[in-house]
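Please describe how this protein is put together. Start with its domains, then go through the sheets and the helices.

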Amino acid sequence: MENARDQRKWRYGNKPDEKGEDVKSYAGYLFDLDGTIYLGEELIPGAAETVARLRARSARVQFLSNKPIARRESYAEKLSKLGIATEAGDVVNSPLASARYLAAEHPGASVLSMGEAALNEELTEAGVRLTEDHEEAEIVLASWDRTISWPQLDAAHQALRRGALFCATNPDTVCPLEGGKTVPDTGAIIAYLEASTGRKLDIMIGKPSPIITEMALAEIGLSAEQCLMVGDRLDTDMEMGQESGLDTALVLTGVTARDELEGSSIEPTWVLESVAGIE
Ligand SMILES: [Mg+2]
């Protein structure tokens, strides 16, 4: 009879020598949202129970999203509605990280933002000066705008050609939707501007950047070594852990399939069928 341990190894074990250990306990957990906690409007089965279990033993839980088109208040509302009681302060996303980063590191600089209202409101509230004038822009913040126009792309192109600092909210080339569909995200805009200007991005703010990671860790008051990063993407969530020294758990409920792990240079600490596997 196949014993339970072999099954556990398949469920939990990443490396053959891990012998199917249970995921160890951490003081803090950073959870990606899309593909990890929910898919579209549906919670991943077991996600609410996992968060409740962690909170019951006083572990710190923080949600971390790269998606630049919503404010953290709307995530808190969505999660609460889905059964995971969440406040805005429990969420760090790329608009918040961009606003805090630019306000702290480039105070007073004129920023040409390529994002939607959610991003621009966050920037303005943090005291970041926005401009649409490419001759005035000292920083171009590439992002995702579902109404982007050629004049906006041209303005960013001209500002970058003039030497503006090239920043971006997040590197995701696409955003996955239900049913396997995807739509273009910030990464595609970065690629467009890199192609037109011959420049490379200077500063990435969203995952896997240490900028957003350090912000999330500061919010929960823990060090990288005390926390587990849980997410569905190798190139953002898992790489973020690797870059900043957090253990990582890859969940297979989102964009990454188990066979993609082979040949990847990114090696998660744990590989789980879903967040339900976190004790
Ligand atoms: Mg995700």
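Predicted model: local features only at pLDDT ≥ 70, side-chain atom pairs only at ≥ 80, totals over all residues.

Residues are numbered from 1 along each chain as its sequence is written.

**Domains**

The protein splits into domain 1 (23–66 + 208–277) and domain 2 (95–204). These bounds come from an automatic or database domain assignment. The C-alpha centres of domain 1 and domain 2 are 26 Å apart. Across the boundary, 11 residues of domain 1 are in contact with nine residues of domain 2. Contact here means that the C-beta atoms of two residues, placed from the backbone, lie within 7 Å. On the side of domain 1 that touches domain 2, helix 8 (residues 210–220) gives the largest share, three residues. That side of domain 1 divides into five nonpolar, five polar and one charged residue. Ala, Val, Leu, Ile, Met, Phe, Trp, Tyr, Cys and Pro count as nonpolar, Asp, Glu, Lys and Arg as charged, and the others, Gly among them, as polar.

Helices (H or I, at least four residues) and strands (E, at least two) are DSSP runs, numbered from the N terminus.

Two strands pair if DSSP finds at least two bridges between them.

Strand 1 and strand 4 pair in the parallel sense, and glycine 28 stands opposite arginine 60 in strand 4. Strand 4 also runs parallel to strand 5. In strand 5, valine 91 is the bridge partner of phenylalanine 63, and valine 92 is the bridge partner of leucine 64.

Strand 6 pairs with strand 8 in the parallel sense. Leucine 112 has valine 140 of strand 8 as its bridge partner.

| Pair | Bridges |
|---|---|
| Strand 1 (residues 28–31) and strand 4 (residues 60–65) | four bridges |
| Strand 4 and strand 5 (residues 91–93) | three bridges |
| Strand 6 (residues 110–113) and strand 8 (residues 139–142) | three bridges |

**Helix 6 against helix 7**

Helix 6 (residues 150–161) and helix 7 (residues 186–197) pack at about 50°, with axes 10 Å apart. That angle makes helix 6 oblique to helix 7. Under 35 degrees counts as roughly parallel, over 145 as roughly antiparallel, 65 to 115 as roughly perpendicular and the rest as oblique. Axes are lines fitted to C-alpha atoms, for helices over the stretch in contact, and angles run from 0 to 180 degrees between N-to-C directions. The crossing of helix 6 with helix 7 is right-handed, meaning that the near helix is turned clockwise from the far one by less than a right angle.

Helix 6 makes the contact with Leu153, Ala156, His157, Leu160 and Arg161, and helix 7 with Tyr192, Leu193, Ser196 and Thr197. These contact residues divide into five nonpolar, three polar and one charged.
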